[in-house]
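Reader: I would like to learn how to read a helix pair and a metal site in a model of this kind. Could we take the two features in turn, with the general idea stated before the particular case?

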Amino acid sequence: MSQSILDQATAMLPELQDLRRKLHQIPEFGLSLPKTLETVLGEISDLGEITLGKSITSAVLHIKGDLPGPTVLLRADMDALAVIENTGVNFASTNGYMHACGHDLHMAMGVGAAKVLASRKAELKGDVIIFFQPGEEGHHGADVMIEEDALIVSGSKPIRAYGLHVFSSYPLGMMGSRAGALMASAGDLLVTVSGSGGHGSMPWLSKDPISVLNEIMSAIPTMVTKRFNAFDPVIVNIGWVRAGDTATTNVIPETASFGATVRVFSDENANKLKLYTQELVSSIAEGFGLTASVEFTRATKVLINDEQAIASVEKVTAELFGPARYINLPAPIAGGEDFASILQEVPGAFVFMGACPPGVDHTSAATNHSNKAVFDDSVLGDGAALLATLAIEALS
Ligand SMILES: [Zn+2]
């Protein structure tokens with residue numbers, strides 16, 4: 001049966017590539033993707049029941065199997081990035097946004113899987129729901145869909161969830177994942193030190209926030225090394241610093257601040273990091289007679305793959321493509337992904353798929369989110385076959 005699904009998906013490749021390239025030319029940003037949604041709906045509307053999002057441009061396709069059984073969820077994200085494309089491909093975007101993370105491929109794979117599954121309704125032992133989700137790139141699209149009850153459109157919560165992600169700098173057609181933590185919980189740390197301004201010639205009459213901010217910035221990496229287990233990593237990287245005015249050197253400003261991106265791989269470390277940073281920041285500021293505030297927000301949860309779901313991924317990839325096409329990744333990656341929110345509700349797995357163009361060295365290829373990232377869409381048939389087969393396997 002698996003072989004024939006692959007044949008069916010492979011035969012669809014030219015139409016999936018057309019769809020992907022069409023979507024590539026109309027990239028949209030965030031939670032509102034009207035043109036993208038319209039294009040996707042044009043492909044899936046007759047395949048099952050559609051439930052549209054209430055406050056965002058999401059769609060859930062519900063394919064009902066002819067035989068009774070549980071529900072399985074597949075997910076395709078749809079949003080692009082505010083990146084000006086510079087790939088030189090003949091279907092490049094010109095509207096100031098770019099599908100630089102390959103979500104155009106995810107939509108085409110989701111549509112391909114939907115067509116395969118809809119054509120096999122007679123043998124489906126249950127239902128498949130496919131999430132076409134906006135706002136993956138830090139806009140909480142998955143969380144909004146969950147809040148709007150997208151998980152229960154079939155009448156029961158899915159027993160399994162699967163998602164795929166392409167990478168422009170992974171070898172073409174190679175798949176990889178792992179049981180347990182696969183992707184980080186990403187968050188933001190904002191620190192503001194408040195003092196009192198004055199003349200730079202008499203710093204003892206003011207409370208200089210810049211020198212205190214400097215102490216805090218050097219203390220944080222030390223705190224991370226000394227207070228966290230090195231085998232459950234914590235990454236804190238400062239991305240901006242703001243204080244004073246470049247027009248003058250003799251003014252002590254009133255406040256100084258920085259923002260850092262944070263990556264952790266356990267809830268325990270997220271909670272500890274918040275606590276330890278607050279302790280450290282306020283004690284350093286107090287030590288100099290100033291005050292400081294800390295804001296810590298988490299954009300994504302830790303993405304945790306279910307062990308059984310990963311065993312299914314290994315089995316299905318081996319059956320479809322041979323065992324050499326799947327790598328069991330030795331460690332998680334530090335990127336964040338809101339499919340993590342779905343996996344907190346439904347056990348399942350997220351799988352990476354290489355889409356580095358042939359002839360390009362994947363170790364030096366432009367990575368996802370680069371304005372030069374090129375994704376080879378010859379993988380669309382394989383991706384559609386993998387998603388469809390995982391759904392069928394979970395139902396049988
Ligand atoms: Zn992405």
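Predicted model: local features only at pLDDT ≥ 70, side-chain atom pairs only at ≥ 80, totals over all residues.

Reader: Is the crossing of helix 4 and helix 10 left-handed or right-handed, and which residues of the two helices make the contact?

Author: Helix 4 passes helix 10 in a right-handed crossing. On the side of helix 4 the contact involves Leu105, Ala108, Met109, Gly110, Gly112, Ala113, Val116 and Leu117, while helix 10 brings Leu380, Gly383, Ala384, Leu387, Ala388, Ala391 and Ile392.

Reader: Turning to the metal site, which protein atoms are the donors of the zinc ion, and how are the donor residues spaced in sequence?

Author: A metal site is read from its donor atoms, which for the zinc ion are SG of Cys101, NE2 of His103 and NE2 of His165, at 2.2 to 2.3 Å. Their sequence spacing is C-x1-H-x61-H. Cysteine 101, in the loop between strand 3 (67–77) and helix 4, and histidine 165, in strand 5 (residues 160–167), are 64 residues apart, and the pair links distant parts of the chain.

Reader: Are cysteine 101 and histidine 165 buried or exposed?

Author: Buried means under 20% relative accessible area, so cysteine 101, at 8%, is buried, and histidine 165, at 5%, is buried too.

Terms used:
Residues numbered from 1 in each chain as written. Heavy atoms only, no water. Left-handed = near helix turned anticlockwise from the far one by under 90°. Helix = DSSP H or I, 4+ residues; strand = E, 2+ residues; numbered from the N terminus. Contact = heavy atoms within 4.5 Å. Donors = N, O, S within 2.8 Å, 3.2 Å for Na, K, Ca; no water. Buried < 20%, exposed > 50% of the residue type's maximum accessible area, 1.4 Å probe, protein only.
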